Amino acid sequence: CLPMIRIPEANSLSFEAEYRRFALKKNGAGSFQEFYQLLQTIHRIPGVDVLLGYADIHGDLLPINNDDNFHKALSSANPLLRIIIQRRDEDEPVVFPTNSLQRRKKGLAGLRPSQQKNKPALLIGLPQDFRQISSIIDVDILPETHRRVRLHKHGTHKPLGFYIRDGVSVRVTPQGVEKVPGVFISRLVRGGLAESTGLLGVNDEILEVNGIDVAGKSLDQVTDMMVANSHNLIVTVKPANQRNNVVHRGSKASAGNGSAGSGGSALSHESAHSPASQTVSQCSNSNSVAEGDSDDDDTDLIIESDNLPSYTPHRSLANGNIHGNTPSSGVFGHRPLPQSVSLPSSSSLPTKTSSSQESMREDGNFITL
Amino acid sequence: MMKFRFRRQGHDPQREKIKQDLFAFNKTVEHGFPNQPSALAYDPKLQLMAIGTKSGAIKVYGAPGVECTGLHKETATVTQLHFFPGQGRILSLLDDNTLHLWEIEQKEQCSHLEEVCSFMLPGRSGIESTSATRVTVLLPKLSCDLLAVGTEGGGVHFLDYLFAGSNILLLTTLFSSVPEEYKCGKSLGPVESLQEHPQHPDKILIGYSRGLVVLWDLQIFVVCVFLLQQLESLVWVRSGNSFVSSHSDGGYMVWPVSSSTPCTHEPVTSTIPYGPFPCKAVNKILWRTTESGAPLVLFSGGMPRASYGDRHCLTILQDSQHITLDFTSRVIDFFTIHCIDRDKEFDDPLALVVLLEEELVVIDLQTAGWPTIPSPYLAPLHSSAITCSYHISNVPTKLWDRVISAGQRQCHLQTHTNWPICGGKNLAPSPKQQELLLTGHEDGTVRFWDASGVSLRPLYKLSTANIFQTDCDHNDSLTQAGEEDWPPFRKVGCFDPYSDDPRLGIQKICLCKYSGKLLVAGTAGQVIVLYLCDEKSDHMIDVATVDLLQDREGFTWKGHDRLPPKSSSVPFAPGFQPVVLVQCMPPAAVTAVTLHAEWNLIAFGTSHGFGLFDYHRRSPVLARCTLHPNDSLAMEGPLSRVKSLKKSLRQSFRRIRKSRVSGKKCALWLAEQDAEVTPVQRRIEPRSADDSLSGVVRCLCFADTFLRDGTHHGPTMWAGTNSGCVYAYALDVPSQDKFSEQSVEALLGKEIQLMHRAPVVSIAVLDGRGNPLPEPYEVSRDLAKAPDMQGSHSVLIASEEQFKVFMLPRVSAKTKFKLTAHEGCRVRKVALVNFSSVASEDYSENGLVCLTNLGDIHVFSIPALRPQVRYDCIRKEDISGIASCVFTKTGQGFYLISPSEYERFSLSARVITKPLCQLDVDRPHDPSELSPLSSPALDSPNSSADITLDTTGELTVEDVKDFLV
């Protein structure tokens with residue numbers, strides 16, 4: 001018997017959330033259609049167009065709109081499966097991007113499961129249904145022989161999967177051809193992120209790491225720079241294979257990135273400038289706050305203790321004697337952490353979801369900054 | 001798109017000026033004992049000592065504080081050093097057979113050593129091997145005008161002090177008359193010794209290694225021949241009526257020299273002091289006459305080969321007095337400091353200076369019993385290997401005096417004789433504040449050094465081994481008893497590289513300079529709290545064990561056991577006396593400690609977790625495991641390298657097998673191919689949570705700040721780990737009068753996981769004005785300004801990759817600097833430093849100083865984290881140098897340039913500790929005063945430089961005639 005839980009029905013007009021928890025047999029789950037109807041029944045919203053999403057183990061919000069991803073969702077239940085139901089809203093664009101849980105406010109509209117259910121045709125997902133893992137950026141400002149690739153590490157358990165080495169690069173200078181030391185990609189790991197994008201290849205010369213020229217830097221320095229930027233790595237390379245270069249500026253370029261479906265230069269530009277990737281948060285919470293910083297790649301996880309009691313003046317007064325500037329009257333019963341929010345998991349769920357999260361949760365709440 | 005990242009600070013000229021007044025990088029002085037010394041010289045006129053090293057450095061020392069250094073361009077061993085007495089000129093011979101002349105130059109207040117010229121004896125081109133012109137001995141004449149150079153080919157060259165012109169003396173007439181066993185092929189063999197006659201400067205004693213000794217007079221060419229055995233060294237007796245030779249059979253002989261009988265074949269005396277069994281060679285001998293009677297004979301070596309052949313000994317003999325100084329390292333060279341006044345009849349030596357491979361020992365020869373004189377410099381820092389260093393700035397006089405008096409009571413058997421090497425004048429002003437440098441050693445000792453000035457002076461030594469039961473306890477007494485009465489050995493020196501038990505090694509030190517409480521932590525998880533006490537005591541130590549695994553299942557410690565503490569009471573001398581011993585379980589090496597004497601708390605961390613302990617009540621407050629469930633390496637202890645060793649063994653076996661199959665040539669080719677196919681590669685992956693050793697606690701800190709809320713501050717403790725995790729605890733510390741009744745409580749307040757997961761190198765809390773919080777007791781004793789407790793505090797977290805300032809109590813990021821992302825270097829050491837300006841006494845700024853894995857030092861402003869300056873400091877290959885670096889609070893720093901030497905550097909433009917000294921040299925500056933080859937004797941027609949230089953190796957009869965009339 002598989003317990004399932006349904007979490008908030010976030011209405012686009014009001015944030016009234018409603019939690020429901022129910023059980024489902026794991027093997028007898030049936031098709032997506034049956035499940036969709038079951039939900040409508042449980043929530044007493046027959047006929048309302050809704051979008052279904054679930055939180056996968058990485059904390060990403062993924063859509064449920066056909067049999068395949070429905071079964072995938074069920075298989076990821078451990079044992080709870082959190083399903084988020086949202087009213088379809090035609091106005092807002094749809095994204096199921098990386099860390100999409102953070103942007104839930106934008107809504108899940110745009111998914112069209114209900115219309116498509118009747119069509120016998122093969123369901124082909126929209127680009128928005130996929131998580132972006134890489135993009136080519138800055139095509140308009142780079143020379144045609146160079147390529148600037150952004151790798152999104154967030155939310156995947158795939159390794160970045162590449163190695164670099166020292167080498168000799170040939171540069172054409174006014175004085176003639178000059179040999180200078182350079183750093184090259186030496187190996188791509190099978191199944192790794194770098195290989196799956198198809199944007200990086202063995203013997204590509206690395207020119208920049210996150211905008212910083214690597215000329216004159218040692219292999220170890222370049223390694224450290226890449227590791228330090230690994231959560232949002234932007235490498236400018238001179239591909240060894242120059243045949244796939246972007247020829248015309250401003251064209252919708254997407255080079256050999258079939259599976260990832262990077263949306264071309266226009267889209268890439270936007271994503272490069274926006275804080276596209278954010279912390280992978282293990283829990284969804286509408287009170288999550290995104291860091292205002294435009295710098296996007298390292299939002300640290302700060303765990304607040306729930307059991308930290310409020311200030312008790314009778315004990316600290318002792319120290320007050322020493323420093324002389326402790327206020328003499330304390331505020332009793334004042335909760336010092338106004339921003340801490342209790343979790344659905346700890347408040348409404350008696351069972352902990354997974355052991356790895358347990359250790360992080362036992363002390364209290366998460367605040368993602 | 002990345003442009004916005006590099007908001008460069010505009011070049012504000014005003015700011016640049018302030019920066020110039022604040023920051024300046026200088027490597028100022030080297031402390032400690034030179035690594036691998038190879039040569040020693042002494043100038044009795046200027047009273048200066050020079051030491052040459054295998055790396056080609058020359059260091060000159062005079063009175064304490066007087067020193068200067070020179071480094072040869074070539075990194076070759078300095079094999080010999082000689083002073084031109086009184087002139088401040090030093091002659092060096094390197095093992096590449098080049099001669100170099102150095103001069104001491106006075107520039108403003110500093111003395112410098114500068115190379116003037118270098119010279120190499122020209123060898124014969126063609127078949128002749130260069131060994132013939134290989135220099136074996138040097139003799140700068142006391143008159144300073146002439147330099148005699150003995151070579152392996154048996155020739156003696158005469159050069160002037162600038163190496164101009166050269167005359168050669170080849171004693172080939174002798175050749176026919178000398179018995180066969182004194183010859184070496186076609187020549188007389190290498191020149192072993194050149195000694196100038198003490199009374200007649202024109203007479204030179206030339207000793208060949210085969211045993212032939214010739215007394216040569218530069219004026220009248222009289223030759224006096226002695227036939228001895230294999231020769232090791234020669235020395236004149238002061239009167240000039242006899243000389244002493246030492247030999248490879250362990251004996252020495254005294255030979256009479258008188259004008260009436262030019263040639264003798266019988267020595268006056270001949271002794272083998274450690275006979276009759278075969279003895280090792282007497283490498284060098286000195287003969288010093290005394291007014292009181294019997295001459296003092298000092299020689300190195302000569303020990304009985306079978307029983308004591310492995311000892312490094314130097315013997316002092318006078319009449320019936322006989323002492324065999326037994327050193328722990330090889331004797332490089334030695335000299336005596338004695339009367340050089342020619343009118344005086346006796347040498348009357350003051351002191352014996354012995355340069356050993358690892359230390360310098362000075363023996364007082366005037367005091368009965370020949371005690372040692374403590375050295376004010378050249379301290380053997382590495383008497384046991386240095387495992388950690390800790391610096392305390394601005395030490396209160398009270399603590400300073402107590403440490404010194406404790407140290408004085410430790411040394412017995414010392415003289416009141418002043419340091420005998422006292423040339424030059426120390427111009428450095430006496431230090432404004434006292435500074436202590438503490439070094440932790442492998443043998444469990446902590447040494448206290450006076451780091452206030454140019455010479456690092458030992459103050460006090462603390463041993464922690466005596467509170468543990470170790471195997472070595474009774475060893476000492478056994479060996480002592482087993483020693484026979486003869487030879488009369490006396491152990492001298494403190495270099496002792498053999499650690500009794502590696503677990504005793506000191507890993508971390510923390511000292512509260514106001515309360516005299518010391519925290520010392522070691523390799524076997526031992527954390528010791530010591531109180532400074534002026535009386536001796538005999539007490540039991542309270543022992544507590546803290547389990548840092550906290551019931552974490554599935555781990556078994558495969559490393560060493562903890563050190564068993566002694567169960568009885570232990571006597572302690574005045575000084576720092578252990579009071580509490582906390583042992584971490586598992587007993588992994590302690591990786592971080594901190595002490596708050598005002599709260600009576602210590603915190604300590606290992607690779608498994610961290611603990612908090614109330615040493616007043618002797619009770620543990622907190623223990624927290626930081627292990628990641630996947631981290632298996634952490635449990636294997638120090639032997640975790642076995643794995644990789646296994647792997648590399650397997651690989652090398654594979655390689656061998658491959659080479660056997662395909663034959664030698666093919667293997668070579670394969671190896672080359674291999675090298676081309678698989679170049680050095682680096683994997684690019686983000687740091688993950690389960691990287692090995694992620695649980696290592698890297699830093700701990702106490703702070704009185706705002707963790708609970710923005711209005712009430714209180715005691716807090718912070719811990720940072722290798723995986724980029726920071727734990728912040730709010731502490732409930734009872735008031736001072738209730739310490740005994742109430743217990744301290746710790747509650748986890750915040751847990752910060754840095755997204756980039758890089759190891760946390762340091763944590764510091766800044767007050768409302770962005771200044772670091774003062775140390776415990778500083779405010780309550782009115783020694784520092786109270787921190788700003790009104791404004792909001794912030795915490796500065798420095799990881800290996802970036803610096804970040806978070807506001808408190810909310811822990812929201814305020815500023816950051818991503819060093820690794822920008823520069824590709826990783827943070828190794830950081831410190832908060834107060835830089836004061838040279839322009840104005842009152843103006844100072846706080847800065848974050850950071851040493852990276854590339855060996856460069858960056859300074860950042862706080863809390864804005866703006867880069868200020870960057871200097872190259874240490875070579876990036878010098879990993880142990882980088883690991884040993886410590887910063888002072890005022891912008892200086894120390895790092896080890898060898899196991900035995902600290903380089904001191906300063907980042908501050910104001911606070912600089914460098915040798916300021918004056919050496920008055922009496923040097924004829926006009927080169928014409930010294931005409932090349934002033935000795936007329938050598939101006940014979942056929943001995944001009946161009947001809948004679950050609951004849952070094954092979955000799956003809958004609959040559960002989962020219963020279964020997």
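In the predicted model, strand E8 (residues 98–107) of chain B and strand E9 (residues 110–120) of chain B pair in the antiparallel sense, the pairing extending over 10 bridges. The two strands E8(B) and E9(B) form a hairpin with 2 residues between them, and within this turn Glu108(B) adopts a positive phi of about 50°. Among the bridge partners that join these strands are Lys107(B) and, in E9(B), Cys110(B). E8(B) is also joined by 5 bridges to strand E7 (residues 89–94) of chain B, again with the strands running antiparallel, and here Arg89(B) has Glu103(B) of E8(B) as its bridge partner. The hairpin of E7(B) and E8(B) has 3 residues between the strands, and in this hairpin a positive phi near 70° is found at Asn97(B). Of the 10 residues of E8(B), 7 are buried, so this strand is largely enclosed by the rest of the structure.

Further along chain B, an open sheet of 3 strands is found in the order E26-E27-E28, with antiparallel pairing. Its edge strands are E26 (331–337) and E28 (360–364) of chain B, each of which pairs on one side only. From one strand to the next, the twist averages 15°. Strand E26(B) is joined to strand E27 (residues 351–356) of chain B by 6 bridges, the two running antiparallel, and Ile337(B) stands opposite Ala351(B), a residue of E27(B).

In chain A, helix H1 (residues 32–42) contains the buried residues Phe32(A), Phe35(A), Tyr36(A), Leu39(A) and Gln40(A). When H1(A) is seen down its axis, the buried residues fall within an arc of 140°, so they line one face of the helix. Helix H1(A) is followed by Arg44(A), for which phi is positive, near 55°.

Arg148(A) counts as buried because its relative accessibility is 7%, which lies under the 20% cut-off. The side chain of Arg148(A) makes a polar contact with the side chain of Glu208(A) at 2.7 Å, and a polar contact of 3.0 Å joins it to the side chain of Thr236(A).

With regard to cysteine pairing, the structure holds 0 disulfides over all chains. For Cys313(B), the closest cysteine sulfur is that of Cys279(B), and because the two sulfur atoms are 11 Å apart, they are too far from each other for a bond. Cys313(B) is buried, its relative accessible area being 3%. Cys850(B) is likewise in no disulfide, the nearest cysteine sulfur, that of Cys825(B), being 6.7 Å away, whereas a disulfide would require the sulfur atoms to be within 2.5 Å. Cys850(B) counts as buried, with a relative accessibility of 0%.

How values were computed. Residues are numbered from 1 along each chain as its sequence is written. Chains are lettered from A and ligands numbered from 1 in the order in which they are written. This is a predicted model: local features need pLDDT of at least 70, side-chain atom pairs count only at pLDDT 80 or more; totals for chains, interfaces and linings use all residues. Side-chain values use heavy atoms; hydrogens and water are left out. Two strands pair if DSSP finds at least two bridges between them. Helices (H or I, at least four residues) and strands (E, at least two) are DSSP runs, numbered from the N terminus. Axes are lines fitted to C-alpha atoms, for helices over the stretch in contact, and angles run from 0 to 180 degrees between N-to-C directions. Buried means under 20% relative accessible area, exposed over 50%, partly exposed in between (1.4 Å probe, protein chains only). A polar contact is a pair of N or O atoms within 3.5 Å; within protein, one must be able to donate a hydrogen and the other to accept it, and residues adjacent in sequence count only if both atoms are side-chain atoms. The arc is that of the directions from the helix axis to the C-beta atoms.
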